[in-house]
Amino acid sequence: MKYDVAIIGGGPAGYTAAEKAAKNGLSTILFEKEALGGVCLNEGCIPTKTLLYSAKVYDTVTHAPRYAVKAENPSFDLPKIIARKNKVVKKLVAGICMQMAESGVEVVSSQAAIKEYKSDGTVVVYSGEQIYEAAHLILCTGSETVIPPIPGLQDIPYWTSKEALVSKELPASLAIIGGGVIGMEFASFYNSLGVEVSVIEMTGKILGPMDGELSSLLEAEYSKREVKFYLDCTVTEVKGTAITVRKGEETFTLSADKILVSVGRHPVLAGWGLENMELERFRNGIKVNQYMQTSLPNIYACGDLTAYSLLAHTAVSEAQVAVNHMLGKEDKGMSYQAIPGIVYTNPEFAGVGMTEEELTAKGIAYQVRKLPMAYSGRFVAENEGVNGVCKLLFTADDKIAGAHLLGNPASELIVIVGMAIEQGMHKDELARIVFPHPTVGEIIKETL
């Protein structure tokens, strides 16, 4: 069975590439061993945001008196929250299946692996007992949770994000190892539902490379809500509910009913025949050029496998670039200068472009403009007793270099500045855009 393009992995990169290739006349086969949608749809982006929205609604009802609304004895039903999450995921997976069928993509629901790379460039893939040949191959094998080698961890029923998304019972206390995006989103969810939450982070700040000032403000906000943060701390041992933590020369013990491991993800390199090709590596993934080609030009890699930006929206853009190049369409290649990063806590935190830390490290002169979110009338109307920050960064010639927002709905606003950065706009050019009033987005124009 011969195809123009074979795709291994049906996550955001894989199903996007498959649909685009098939709609442009390429015979396309997509291999996915589990459910279409990948980690993002089944164990990541969508299910976590569904849970977080339920928590946000509960938060809103709990604080209804701030808005002169009576809501007596608000409560939640965790099994029903989980059931709703499952319903949302099922609906969206079905939608992707329909997209594949309507586009003419052949979907094979089993593990696939590369058997051979022929001298003429043809790729031979096997799945079960079937053999397939393709002129082009797109690798979208995704990533998996990193499990740190902590003594005693394997002896207890710890959680990763996968288990945390399906539990229908709340632990009395939860220790989260890792204060990155995933860790903070689960901290937000479980804190809203009344769980005693601790976050243990080995670096000096939460949220890794995101803006330091706003990360600290978010940490302070959740500290007020009684989330306990242990920064510059390393877990050295786990024994039952006891967690041994080291900070500098000091060692102490924490206790938690459940442990959630959230120290990051790494590309999936095993199980799909990588050993049968000589592909150049990058970090702990596969090296690609701006058109997502690997060191073998008819083999492309997209998504988490490239070890560059482990985000679903990055994967989608990479897939589009790869297929355009395969089709011979004009495309400037993949640009990473304006990839938004978002933390769906409550309040939301979003950033795009460069941070102050990055600009300083590269020796680039910059200017900072920032305002409280309260400068937006709409924000004040909808956020009683809550504030946030809009921070914009400019190079010496007033070119927009970065933006960092703390406050709802930061996730929806960040794309405005993302487009400005991608287009190389200067402050005056963005200032000429008419923003509707009253909107929270006006804070961007106010901050210019």
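This report describes a helix pair and several backbone features in a predicted model.

**Helix 3 and helix 6**

The axes of helix 3 (residues 45-62) and helix 6 (residues 181-192) approach within 9 Å and cross at roughly 40°. The two helices are therefore oblique to each other, and their crossing is left-handed. On the side of helix 3, the contact is formed by Thr48, Lys49, Leu51, Leu52, Ala55, Tyr58 and Asp59; helix 6 contributes Glu185, Phe186, Ser188, Phe189 and Ser192. Six of the residues in this contact are nonpolar, three are polar and three are charged.

Helix 6 contains twelve residues and spans 17 Å from its first C-alpha to its last, close to the 16 Å expected at 1.5 Å a residue. Ten of its twelve residues are buried, so helix 6 is largely enclosed by the rest of the structure. Among the buried residues are Gly183, Met184, Ala187, Tyr190 and Asn191. Gly194, with a positive phi near 95°, follows helix 6.

**Backbone features in loops**

Most residues other than glycine have a negative phi, and most peptide bonds are trans. The residues below have a positive phi without being glycine.

| Residue | Phi | Relative accessibility |
|---|---|---|
| Ala68 | near 60° | 76% |
| Arg283 | about 50° | 59% |

Ala68 lies in the loop between helix 3 and helix 4 (78-103), and Arg283 in the loop between strand 16 (281-282) and strand 17 (285-286). Ala68 counts as exposed, and Arg283 is likewise exposed.

The peptide bond from Asn408 to Pro409 is cis, with omega near -5°; Pro409 belongs to the loop between strand 23 (400-406) and helix 11 (410-422). His437 and Pro438 are also joined by a cis peptide bond, with omega about -5°. Pro438 is located in the loop between helix 12 (427-431) and helix 13 (442-447).

How values were computed: Residues numbered from 1 in each chain as written. Predicted model: local features only at pLDDT ≥ 70, side-chain atom pairs only at ≥ 80, totals over all residues. Heavy atoms only, no water. Axes fitted to C-alpha atoms, helices over the stretch in contact; angles between N-to-C directions. Helix = DSSP H or I, 4+ residues; strand = E, 2+ residues; numbered from the N terminus. Parallel < 35°, antiparallel > 145°, perpendicular 65-115°, else oblique. Left-handed = near helix turned anticlockwise from the far one by under 90°. Contact = heavy atoms within 4.5 Å. Nonpolar A, V, L, I, M, F, W, Y, C, P; charged D, E, K, R; others polar. Expected span 1.5 Å × (residues − 1). Buried < 20%, exposed > 50% of the residue type's maximum accessible area, 1.4 Å probe, protein only.
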